[in-house]
Amino acid sequence: MRIVIRKAVESDTEFVIDSIINAEKSGTEKITYCEIFSISEEDFRNILHQILEEEIEGFEFCIKNFLVAQINQKMVGAVSGWIEGTDGMSSSLLKMNAFSFFLSKTKINSSHQNIKIIEEIGIEREIGCLQLDSVYTLPEYRRQGITGILIEAHINQVKKQNPEVKKSQIILMKENLSAMEAYQKAGFTKVLEKYSENRKISEILPGRGKLLLERQL
């Protein structure tokens with residue numbers, strides 16, 4: 001089985017969007033952004049199309065930030081990677097600005113309470129670190145090391161292009177045990193855990209806990 005890793009291009013948009021949505025579900029049927037903004041999965045998909053077309057670098061929803069894996073010309077996995085804060089703005093602010101541009105003012109205003117609730121377990125990304133997100137592999141191709149290969153490709157790319165970057169980070173839901181296992185195999189260790197007994201959080205997120213994993217480069 002020969003796995004080909006390459007940078008995502010515009011024609012990969014549908015697979016990238018599928019990867020983002022499935023990664024957001026974290027093994028459940030809950031999509032955080034749909035809950036935050038009170039939108040449907042179809043609405044979220046349409047907004048992702050618009051955001052990706054803008055090619056805004058510095059956060060996960062950018063085609064240029066994705067590497068994809070192919071087997072026999074079939075796309076089987078994807079991972080987004082970027083260096084946090086290179087343009088002076090955090091990825092969370094860039095992302096919120098993008099949603100604000102494509103969502104109605106009513107949706108944005110109604111999201112503030114939900115955002116405030118989940119901030120209780122929020123984890124801040126470290127400036128200057130390689131961030132990995134929207135990690136997804138098709139179910140029938142899992143446990144074949146594809147996630148690890150994609151992560152290594154991102155890390156090797158950063159080592160060549162930005163040798164000053166010394167750390168990579170991944171933020172995930174505590175309840176996503178299969179993802180945790182894959183990241184540990186890729187050399188990541190848990191450095192921070194946040195958990196809340198507030199049940200309102202699990203109405204928005206696929207769980208009530210978040211983990212920060214790190215790996216030295």
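Tyr 33, Phe 37, Phe 44, Phe 59, Phe 61 and Phe 99 form one aromatic cluster. The model is predicted: local features need pLDDT of at least 70, side-chain atom pairs count only at pLDDT 80 or more, and totals for chains, interfaces and linings use all residues. Residues are numbered from 1 along each chain as its sequence is written, and side-chain values use heavy atoms, with hydrogens and water left out.

The structure holds 8 aromatic pairs. Rings of Phe, Tyr and Trp (its six-membered ring) pair if their centres lie within 6.5 Å; planes under 30 degrees apart count as stacked, over 60 as edge-to-face and the rest as tilted. Tyr 33 and Phe 99 form a stacked pair, with 5.2 Å centre to centre and 20° between the planes. This pair links distant parts of the chain. Tyr 33 lies in helix α2 (residues 32-37) and Phe 99 in helix α4 (residues 91-102), 66 residues apart. Helices (H or I, at least four residues) and strands (E, at least two) are DSSP runs, numbered from the N terminus. Tyr 33 counts as buried at 9% relative accessibility, and Phe 99 counts as buried at 1%. Buried means under 20% relative accessible area, exposed over 50%, and partly exposed in between (1.4 Å probe, protein chains only).

The ring centres of Phe 59 and Phe 61 are 5.9 Å apart and the planes are at 65°, so this pair is edge-to-face. Both Phe 59 and Phe 61 are buried. Lys 95 lies over the face of Phe 61, at 5.7 Å from the ring centre. Lys 174 lies over the face of Tyr 195, at 5.0 Å from the ring centre. A charge sits over a ring if NZ of Lys or CZ of Arg is within 6 Å of the ring centre and within 35 degrees of the ring normal.

Two loop residues other than glycine have a positive phi. Most residues other than glycine have a negative phi. Phi of Ser 38 is near 55°. Ser 38 is found in the loop between α2 and α3 and is partly exposed, with a relative accessible area of 46%. Phi of Asn 72 is near 50°. Asn 72 is found in the loop between β2 (66-71) and β3 (74-83). Asn 72 is exposed, at 75% relative accessible area.
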